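Q: Could we go through this model feature by feature, with the general idea ahead of each case?

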Amino acid sequence: MSYEHQRQAMIIDQLRSRGIKDERVLDAMGRVPRHLFVQQDLQDRAYEDSALPIGEGQTISQPYMVALMTELLELKGDERVLEIGTGSGYQSAVLSLLASEVYSVERIGPLAVKARNVLKGLGYNNVQVIVADGTIGLPEHAPYDGIIVTAGAPGTPSQYMDQLRINGRLVIPVGSRHSQVLYQMIKTHAGTEKNVSTACVFVPLLGKEGWTDPETY
Ligand code: SAH
């Protein structure tokens, strides 16, 4: 089956069948060539229903998780979005088709360089990849309409809500090193509305306001 066919099967069998409804999200994931965001020997597995290794002990998230988190941002097209955890750059590419400006922060330099090159090569020109500790957000470009955290946090880093606009959404997995709960938090005039989505497993968010010891499980 061609990659294009595998991608369309992914949309139907993994995303629509599990309740992803936002047509813009489905369309974007039907267009981004996910196989180009994984290493060559794993390209044949790129459209499988799973996360895959991308080097440096990190992973590209399962397609369903990318779709669900993106849907929870409720993007219309004119937003400025911050992603924490660039990894392969795949989630950034999906966001680039759904928002007007995307900033993505990655703590591991070589992953950021690779993602930047793939994104540039494919023409996703509204994405900027920055090497930094994303647990403090990215104050230079705040406020954001959406913040998406693609690594598991021990709690919600304090600056994320401050860097969101009113009505902005934060999508973040919070929990232990081994399992988390995905939350959608909406910033309102009155405070924060917190919605629980689903149980999930992400690699740890490491840094100042994340997990501080990579060896501690
Ligand atoms: N969104 C990615 C998933 C990457 S996995 C994709 O589509 O491929 C999570 C990534 O978060 C890893 O690359 C990891 O290095 C990164 N990460 C962990 N802690 C971080 C931090 N404090 N700041 C920035 N990136 C971080």
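A: Let us begin with accessibility: a residue is called buried under 20% relative accessible area, exposed over 50%, and partly exposed in between, with a 1.4 Å probe and protein chains only. By that scale Glu 101 is partly exposed, its relative accessible area being 26%, and Arg 80 is likewise partly exposed, at 22%. The model is predicted, and local features need pLDDT of at least 70, side-chain atom pairs count only at pLDDT 80 or more, while totals for chains, interfaces and linings use all residues. Residues are numbered from 1 along each chain as its sequence is written, and side-chain values use heavy atoms, with hydrogens and water left out.

Q: How many salt bridges does a search of the whole structure find?

A: A salt bridge is a side-chain nitrogen of Lys or Arg within 4 Å of a carboxyl oxygen of Asp or Glu, and the search finds eight of them. One is formed by Glu 101 with Arg 80, whose closest N and O atoms are 3.3 Å apart. This pair links distant parts of the chain, since Glu 101 belongs to strand β4 (residues 101–106) and Arg 80 to strand β3, 21 residues apart; helices (H or I, at least four residues) and strands (E, at least two) are DSSP runs, numbered from the N terminus.

Q: Where do Glu 74 and Arg 169 lie in the chain?

A: The side chains of Glu 74 and Arg 169 meet in a salt bridge at 2.9 Å, N to O. Glu 74 sits in the loop between α3 (63–73) and β3 (80–84), and Arg 169 in strand β7 (residues 164–175), 95 residues apart. Glu 74 is partly exposed at 35% relative accessibility, whereas Arg 169 is buried at 16%.

Q: Which residue forms a salt bridge with Arg 7?

A: The partner is Glu 4, with the closest N and O atoms 2.8 Å apart. Both lie in helix α1, three residues apart, about one turn of the helix. Arg 7 is buried, with a relative accessible area of 7%, while Glu 4 counts as partly exposed at 40%.

Q: At what angle do the axes of helix α1 and helix α2 cross?

A: Two packed helices are described by the angle between their axes and the distance between the axes. Here the axes of α1 (residues 3–15) and α2 (residues 23–31) cross at roughly 145 degrees and come within 8 Å; axes are lines fitted to C-alpha atoms, for helices over the stretch in contact, and angles run from 0 to 180 degrees between N-to-C directions.
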